[in-house]
Amino acid sequence: MIVSKFGGTSVGSAKNINKVIEIISKKSKKTVVVVSAMSGITNLLIKASHHANTGSKDYIEIIKDIQKIHIDTVEELLDKSKQLTCNKFVMQQLNHLKDTLNGVYLLQDLSDKSAAKIVSTGEILSSHIIAEAMISKGLNACHKDSRELIRTDNNYKDANINFEVTYKNIHQYFSNNRENITVLPGFIASDDKNKTTTLGRGGSDFTAALIANAVNAEILEIWTDVSGMFTANPKLVKQAKPIKQITYQEAMELSHFGAKVIYPPTIQPVLEKKIPIAIKNTMAANDNGTLITESKNGSKSTVKGISHIENIALLTLEGNGMIGVPGISKRLFEALAQQNINIKFITQASSEHSICIAIDRMETDKAKIAVDNQFEFEILQHKVNPLVIENDLAIIALVGDNMKSHQGISGKMFSELGNNNVNIRAIAQGSTEKNISAVIAKKNVKKALNTLHAVFFENQIKQINLFVIGIGNVGGKLLEQIKQQQEYLMNHLHLNIRVIAISNSKKMLFNGEGIDLSDWGKQLSAKGEKADLDNFYKHVKKLNLRNSVFVDNTANDTVPLQYAKYLKDSVAVVACNKIACSSAFYNYKNLKYLSRKYNAPFLFETNVGAGLPIIDTLNNLIASGDEIIEIQAVLSGSLNFIFNNFDKDNSFYHVVKQAGVEGYTEPDPRIDLSGVDVMRKILILMRESGQHMELDDILNDSFLPKKSLEAESVPDFLESLKGQSKHFESLRKNAEAKNCRLKYVAEYKNGQAKVGLQHIAKDHPFYNLDGKDNIVLFYTNRYKDQPLIIKGAGAGADVTASGIFGDIIRTGSK
């Protein structure tokens with residue numbers, strides 16, 4: 001025999017009930033069908049009870065709503081010839097309901113007995129309608145009232161089962177029953193006086209489990225609106241997948257920690273007989289679902305699922321007077337038990353100085369009063385502190401029978417959470433090692449679940465979430481490169497890179513599931529909100545996604561002021577903006593410190609040399625024990641482009657304009673031509689090599705005339721270049737007379753640094769540096785005679801974007 005239980009959603013409409021009938025019609029064995037009330041009906045009945053009890057006649061309208069739902073369902077399911085009888089039954093039950101509610105209204109007294117009678121109406125109606133629908137479709141079916149089989153005490157709202165009588169009644173009835181299908185209402189029972197009682201939370205599951213035990217069922221099927229138990233809550237973790245098979249113990253652990261598919265206490269009857277449980281989806285009957293059995297059947301999965309409970313409060317009792325004193329725990333738990341407060345989580349320090357427990361947040365007030373009263377004397381003596389309560393918390397749990405035979409599970413769990421700035425308030429693990437639980441902030445639940453799911457279930461695919469500011473030349477190329485490489489990164493590096501937000505100076509756009517990069521410009525224009533750096537940060541913080549990366553593609557001097565906030569939230573920062581690393585030394589060191597403290601990468605390879613691996617090479621030299629003696633470098637691709645193209649046929653002014661058009665200079669070319677940009681770059685290299693220096697410590701031998709240096713705007717500056725053409729011509733002619741080329745060089749030696757225009761002879765490595773290329777010569781203890789040379793394109797949107805992209809990929813290896 002098969003026992004199949006269908007929940008409220010499964011029988012929530014005529015359409016769904018037809019799905020139930022189709023499922024049952026395919027059974028080749030005798031089947032017992034246990035059904036809940038139609039979806040939403042129980043809530044309406046409770047609401048009606050409340051109205052009647054408080055003297056409101058609104059309960060009458062609710063009865064009408066309930067009537068309409070059921071009559072409409074009957075009309076959709078049954079032929080007209082069968083509707084009359086069924087509707088007559090529905091109206092009889094609703095009249096009984098109305099009489100009961102009228103009594104409650106007149107007395108304004110809702111007893112548990114009346115409440116049970118009222119709320120049972122939903123299952124009575126649904127089971128009768130479904131049985132009639134099956135019969136009308138030619139199935140060999142009948143209806144049986146569960147109240148005639150299941151006997152309880154008179155605790156009407158959460159009755160206790162008389163197992164001996166119940167099992168005897170069920171066994172006798174089904175031994176004599178000849179129909180292939182029997183439909184029963186779940187949740188309801190009766191006492192020894194035949195008064196209606198209810199079975200409390202999970203009552204329909206309990207009904208099904210009791211019947212399965214009594215008839216020694218082959219399997220208990222629980223049909224719901226999800227395809228089994230999942231590795232995590234699919235509403236919070238998009239990559240969650242159904243668990244094919246799981247043990248009773250694993251299912252109980254997952255259900256205790258928030259998996260709503262089954263309620264552990266109600267399925268105890270089937271556990272006693274070791275009857276398998278199948279969790280199936282009524283809306284997708286062909287899906288495999290989850291099979292719950294006693295044995296693992298060879299399963300080697302270490303972690304079976306990740307679950308959580310929200311709205312948790314953490315209670316901490318601590319004090320020096322607790323150490324070595326027997327009975328403290330007993331008194332604490334007794335105080336809570338007397339208030340019917342359920343403890344969900346317990347942990348105690350080995351020093352016995354403190355005990356932490358987690359309870360439902362709604363019960364904190366009475367817990368506080370009960371515990372402080374229990375320890376009133378110790379609190380007055382300052383031996384124990386008053387109970388400390390922390391709210392807005394949640395419990396997350398890893399569950400799996402095989403965890404006990406694998407080392408490092410808890411270490412990996414806590415490490416990944418720490419890497420994503422998820423602070424752990426308390427930890428608990430049983431000696432069976434089937435469950436590792438941690439208390440965290442409620443706001444971090446989604447990030448924690450996704451982080452752990454990626455580690456334990458997603459073949460080590462790491463999701464990186466980007467928040468990009470600056471989508472002009474460089475930023476636009478970056479988005480283009482990401483779109484082009486997304487599939488490759490997923491398949492070869494197991495990186496899932498998503499762009500969650502983009503912003504220019506006017507608008508910003510957020511999409512928590514990732515922005516479609518095929519038309520990001522249109523989306524920004526159509527859906528973007530007003531750009532604001534503070535609001536951008538607030539959005540990032542609210543989304544609270546794992547492996548978040550803030551990307552600064554601007555040359556703006558206000559954006560770097562945001563870096564510290566992101567790093568403190570364990571959000572990585574990738575920047576081509578040089579302002580932060582060339583600002584006051586204290587700020588530079590502080591950002592590096594925050595990066596280490598919060599385990600958030602702070603990467604800025606493109607600050608020097610665009611996509612060239614200059615900073616990475618320098619860091620590797622230092623990390624391996626080498627020491628920088630001297631640096632010679634051409635670090636401005638824009639200046640190199642300008643002086644390589646400045647000749648007798650092309651005026652200095654026109655070459656500067658061309659460099660701007662081609663994207664080689666900053667939007668404000670004064671930054672490049674004044675030498676400030678090169679000063680910042682050599683400063684960053686010096687700092688990365690371990691030197692404590694400020695920008696003002698670098699000597700700048702500017703080649704610009706005074707009038708150009710004093711220009712107050714970009715147009716004024718460009719105009720000054722025209723007026724000072726003779727000055728620039730003289731620079732060129734002097735170099736040509738010496739058979740040299742003009743190069744803007746940065747130098748560091750003996751603790752001193754300078755930048756300026758130099759005449760470069762033909763035998764120098766810089767002489768043949770063409771186009772927009774950069775070159776760096778590192779003289780070190782290991783490279784004394786022949787420097788380590790890095791050379792290549794040092795400007796341009798493509799190469800700069802590729803350098804930023806490289807840094808983004810590096811964040812995925814943290």
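Q: What makes a charge sit over a ring?
A: NZ of Lys or CZ of Arg must be within 6 Å of the ring centre and within 35 degrees of the ring normal. The model discussed here is predicted.

Q: What makes the charged end of Arg741 count as over the ring of Tyr767?
A: The charged end of Arg741 is 5.4 Å from the ring centre of Tyr767. The cut-off is within 6 Å, along with the angle limit, so the term applies.

Q: Which ring does Arg732 lie over, and at what distance from its centre?
A: Arg732 lies over the face of Phe646. The distance to the ring centre is 5.9 Å, and the limit is within 6 Å.

Q: How many aromatic pairs are there?
A: The count is 19 aromatic pairs.

Q: How do you know whether Phe550 and Tyr566 are buried or exposed?
A: Phe550 has a relative accessible area of 0%, and Tyr566 has 1%. Buried means under 20%, so both residues are buried.

Q: What makes the pair of Phe585 and Tyr588 stacked, tilted or edge-to-face?
A: The ring centres of Phe585 and Tyr588 are 5.9 Å apart, with the planes at 45°. Stacked needs under 30 degrees and edge-to-face over 60, so this pair is tilted. Both residues lie in helix 20 (residues 585-597), three residues apart, about one turn of the helix. Phe585 is buried at 13% relative accessible area, and Tyr588 is buried at 3%.

Q: Why do strand 12 and strand 13 count as a pair?
A: Four bridges join strand 12 (residues 345-348) to strand 13 (residues 354-360). Pairing takes at least two bridges, so the strands pair. They run antiparallel. Ile346 has Ile357 in strand 13 as its bridge partner. Five residues lie between the strands of this hairpin, and Glu352 takes a positive phi near 65°.

Q: Why are helix 14 and helix 15 called oblique?
A: The axes of helix 14 (residues 409-419) and helix 15 (residues 445-457) come within 10 Å and cross at roughly 135°. Roughly perpendicular ends at 115 degrees and roughly antiparallel starts over 145, so the helices are oblique to each other. The crossing is right-handed.

Definitions and conventions: Residues are numbered from 1 along each chain as its sequence is written. This is a predicted model: local features need pLDDT of at least 70, side-chain atom pairs count only at pLDDT 80 or more; totals for chains, interfaces and linings use all residues. Side-chain values use heavy atoms; hydrogens and water are left out. Rings of Phe, Tyr and Trp (its six-membered ring) pair if their centres lie within 6.5 Å; planes under 30 degrees apart count as stacked, over 60 as edge-to-face and the rest as tilted. Buried means under 20% relative accessible area, exposed over 50%, partly exposed in between (1.4 Å probe, protein chains only). Axes are lines fitted to C-alpha atoms, for helices over the stretch in contact, and angles run from 0 to 180 degrees between N-to-C directions. Angles under 35 degrees count as roughly parallel, over 145 as roughly antiparallel, 65 to 115 as roughly perpendicular and the rest as oblique. A crossing is left-handed if the near helix is turned anticlockwise from the far one by less than a right angle, and right-handed if clockwise.
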